[in-house]
Amino acid sequence: MAYKGLRHFAEALDHENELITIDEFVDPVLEIAEMADRFVKTGGKALLFNNTGTAFPLMINMFASDKRMSMAVGRNNLEEAGKELEEIFRRFTDPSGGLLKKIKMLPGLAKIASYMPKRRRGRGKCQQNIIDDPDLGILPVLKCWPHDGGKFITLPIVHTRHPDGEVNAGMYRMQIFDRKTTGMHWQRHKTGADHFKAWKDKGEHMPVSVVLGGDPVYTYASTAPLPQGIDEYILAGFLRKKKVRMVKCISNDLYVPEDADIVIEGYVDTTEELVWEGPFGDHTGFYSLADKYPSFHVTCITYRNDAVYPATIVGVPPMEDVWIARATEKLFIAPIRLTLQPEIIDLHMPEAGVAHNLVLVKIRKTYPGQGMKVINSLFGAGQMMFSKAIVVISEDIDIRDYKAAAEQIFLNTEINSDLMITKGPLDALDHSSDTCSFGGKMGIDATKKYPEELLNRREILKPESLLKVFNPLKDKIRLRMFSDTIPVVFAGISKDSAGLTDFLKLEYDELAGLVLFVVDSTVDLADNHILFWQILSNTDPSRDIKIINGNIIIDSTAKYHPSDNFGREWPNIVISDDQTINSVDNILNKNGSPGFINSPSLKLKMMDAGGGASVLMTNN
């Protein structure tokens, strides 16, 4: 189904009982984000705020369920869309030749052509209102978290063009600097940054137009992991089975969907000095630190008569981006399998891994070494290159059943032969590495092994034998066994009393296969979600993993202590402040409000621990 803008999508959500409309004023500065956080983490509905202090209503959490995500891309079933995409890729990657087969491909080519975006003359609905003297203050732009550098446009579809003609629609956050200027946060690995460099080499202004809203499939398509040079609106047309109609912008030569809700037109002056942008409470659950990025200068704002401003928030998972990632898993497993690794059956990014920190891969294994082959290949494949840990598992395990997957990982992994630690590119938002966007990576071959792979394997440690090893530290630390069958231990320490060196002094000689995760004493060891989020976020494999006599000790503590000798600033965890929590409590307690939900931030307490760092506090 194609939607005629966000208002149409809101009506569809309301018809399906997937929307709550809020008429009372809720402040875009901190309050809307706090309320949205409560709903997204409890499986709540999309929220439409009619009173934002501006002329525009605001919708948030529109993607935050499997049902709403399917509705957003216009499909009842994302798996079916994935199979369609697989058939298209299969047809055009078939190496067999012959005139007859090429003729048979013609209907498929015609089908692809029907998805191509179409440029049209005249103006679109998105240009029903034109502001030649623009002021970004007319929009209900969010300040999401207390330590954000300012207000940020969080759901922009940023349109750029390479000087040679290639176009791109990507999603890069935009910090508001003044009435007509924002930051443009395209990281060095992104297509927008590549286009910027090309315009800078020419010494010319770079045209940029930002779309907000329209058919929600546009927003999804701008986040999809398409190869560079592939127009995102081809994917949008494929998903909604209708080509996207594009119109020329008013003040530059870029084209945007004619049914967009709001369009912000302008340019980037590539000769200007970069400016400080951030910090920003990011999808990692930590604040991304301020850094230098280009400025975007606004020349015109256009909008449709019934425009709705779209927004999202990111922070401690799960957030709305979790469901966007799930859609990508379902849609793009076929292209990955057909063009890269035919043995891949399934691929999953657990929400605690915030997309790049952990990827679980299920393969059909037919020969020794195949698990490592897949790991090496994926570390060099497109956006998979940002993955910090890739774990490959055999086909008889459901990789979304974390207990079953964990058992296979620890039963089928020999530390000395199945663990690969290397270095490579990382997401620029990863805070655990010693240098920005480059650091440690880990691959684990947890597939069932062929005889050739079983040489020199040691007997797995029995969990009950662990207790005597840790007895010397029983008064200094908190311990938790993962299970009765897996030799994995979580330990909470305070670096001021019992540091990692205490663990390195223990007697490990009689053990084999122990995996010890060391976290800060303030982490709730009983909360699996928070525990694994902290482990995956705070660990650099090349620095923090020690192997002693066949046992692994992993330092997943925050690296703020002087003894860590960490050269970068350690960021704060993203949570609301008390004033905002109390304010939203009061709104939700009023009659006619959508019901009371406790703030997720109450489970976390920010605590300065040197260098602006924060650690988790529990309710214990």
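Predicted model: local features only at pLDDT ≥ 70, side-chain atom pairs only at ≥ 80, totals over all residues.

**Entry 1: the largest cavity.** The largest cavity holds about 90 Å³ of space. My search of the whole structure found five cavities of 30 Å³ or more. I then noted what lines the largest cavity. The lining includes His283, Thr284, Val354, His356, Asn357 and Phe386. Leu426, Asp427, Leu429, Asp430, His431 and Ser537 belong to the lining as well. I sorted the lining by class and got four nonpolar, six polar and two charged residues.

**Entry 2: Val354.** I stayed with one of the lining residues, Val354. Val354 sits in the loop between strand E21 (344-348) and strand E22 (359-363). Is Val354 buried or exposed? Its relative accessibility is 9%, and buried means under 20%, so Val354 counts as buried. I also checked its backbone. Phi of Val354 is near 40 degrees, a positive value in a residue other than glycine.

**Entry 3: the second largest pocket.** Next I turned to open space. The second largest pocket has a volume of about 960 Å³. I list 38 residues in its lining, and the closest to the centre are Leu358, Ile409, Phe410, Phe517 and Phe532. Which helix gives the most to this lining? Helix H12 does, with six residues. H12 spans 402-411. Among the other elements that supply at least two residues each are strand E23 (389-394), strand E25 (438-446) and helix H16 (528-538). By class, I recorded 29 nonpolar, six polar and three charged residues in the lining of this pocket.

**Entry 4: the whole chain.** I stepped back for an overview. The chain has 18 helices and 30 strands. Of its 620 residues, 57% count as buried. I also looked at contacts with a separation of 6 or more in the chain. Residues 24 or more positions apart account for 73% of them.

**Entry 5: the cores.** I looked up the largest nonpolar core and found 54 residues in it. Those with the most contacts inside it are Met35, Ile60, Trp186, Ile264 and Tyr309. Helix H2 (residues 31-40) provides the largest share of this core, six residues. Another core lies apart from it, with 50 residues, among them Phe63, Ala72, Val211 and Val217. I then followed Ile60. Leaving out residues up to four places away in sequence, Ile60 touches, among others, Ile32, Ala36, Phe49, Leu142, Ala311 and Glu320.

**Entry 6: a four-stranded sheet.** I traced an open sheet in the order E1-E2-E3-E20, with mixed pairing. Why do I call E1 and E20 edge strands? Strand E1 (19-22) and strand E20 (309-310) each have a single partner strand, so one side of each has no neighbour in the sheet. E3 (residues 58-60) and E20 run parallel and are joined by two bridges. Leu58 has Tyr309 of E20 as its bridge partner.

**Entry 7: strand E11.** Strand E11 (residues 205-212) is mostly covered, with seven of its eight residues buried. I found two antiparallel partners to note. Four bridges join E11 to strand E7 (residues 157-161). Eight bridges join E11 to strand E14 (residues 262-269). Leu212 stands opposite Ile262 in E14.

**Entry 8: Met372.** I picked Met372, which is in helix H11 (residues 370-378). Its relative accessible area is 18%, and the cut-off for buried is under 20%, so Met372 is buried. Leaving out residues up to four places away in sequence, Met372 touches Ser417, Asp418, Leu419, Met420 and Asp445. Leu419 is 47 residues from Met372 along the chain, and their C-alpha atoms are separated by 9.0 Å.

**Entry 9: backbone notes.** The peptide bond from Gly278 to Pro279 is cis, with omega near 0 degrees. Pro279 is in the loop between strand E15 (275-277) and strand E16 (280-281). Pro317 and Pro318 are also joined by a cis peptide bond, with omega about 5 degrees. Pro318 lies in the loop between E20 and helix H10 (321-339). Leu30 has a positive phi, near 75 degrees. Leu30 is in the loop between E1 and H2, and it is buried at 13% relative accessible area.

Key
Residues numbered from 1 in each chain as written. Heavy atoms only, no water. Core = buried A, V, L, I, M, F, W, Y, C linked by side-chain atoms within 4.5 Å. Buried < 20%, exposed > 50% of the residue type's maximum accessible area, 1.4 Å probe, protein only. Contact = heavy atoms within 4.5 Å. 1 Å grid on protein atoms, 1.4 Å probe; cavity = no way out; pocket = protein on both sides within 12 Å on 5 of 7 lines; lining within 4 Å. Points joined across faces, edges and corners; volume = space filled by probe spheres on them. Nonpolar A, V, L, I, M, F, W, Y, C, P; charged D, E, K, R; others polar. Pairing = 2+ DSSP bridges.
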